[in-house]
Amino acid sequence: MRLLISLILPWLTFFTIGRPIAGVICLILQITLIGWLPATIWAVYALSQYKTDQKIKKALAQKN
């Protein structure tokens with residue numbers, strides 16, 4: 001679901017993963033038509049990093 005949001009409304013993705021300042025910056029970038037594509041790429045990348053961080057935290061929690 002977050003991937004779909006990151007493709008349609010990239011700025012909203014940052015709010016769902018707990019990065020509101022990046023979300024505001026992404027919204028400003030998305031306002032320009034040229035900036036929409038970089039905003040989408042940034043949101044998808046940030047979402048993949050968020051998922052990786054969650055997997056690492058889960059693995060460390062299981063280890064301890």
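Modeller: Let's start with a term: contact means heavy atoms within 4.5 Å. This is a predicted model, where local features need pLDDT of at least 70 and side-chain atom pairs count only at pLDDT 80 or more, while totals for chains, interfaces and linings use all residues. Residues are numbered from 1 along each chain as its sequence is written, and side-chain values use heavy atoms, with hydrogens and water left out.

Colleague: What share of the contacts in the chain with a separation of 6 or more comes from residues 24 or more positions apart?

Modeller: That share is 45%.

Colleague: What makes the pattern of the chain α-α-α-α?

Modeller: Helices are DSSP runs of H or I with at least four residues, strands are runs of E with at least two, and both are numbered from the N terminus. The chain has four helices and zero strands, and reading along the sequence gives α-α-α-α.

Colleague: Why are helix 3 and helix 4 called roughly antiparallel?

Modeller: The axes of helix 3 (residues 20–31) and helix 4 (residues 36–63) come within 8 Å and cross at roughly 150°. Axes are lines fitted to C-alpha atoms, for helices over the stretch in contact, and angles run from 0 to 180 degrees between N-to-C directions. Angles under 35 degrees count as roughly parallel, over 145 as roughly antiparallel, 65 to 115 as roughly perpendicular and the rest as oblique. The pair is therefore roughly antiparallel.

Colleague: Which residues make that contact?

Modeller: Helix 3 brings Ala 22, Ile 25, Cys 26, Leu 29 and Gln 30, and helix 4 brings Trp 36, Pro 38, Ala 39 and Trp 42.
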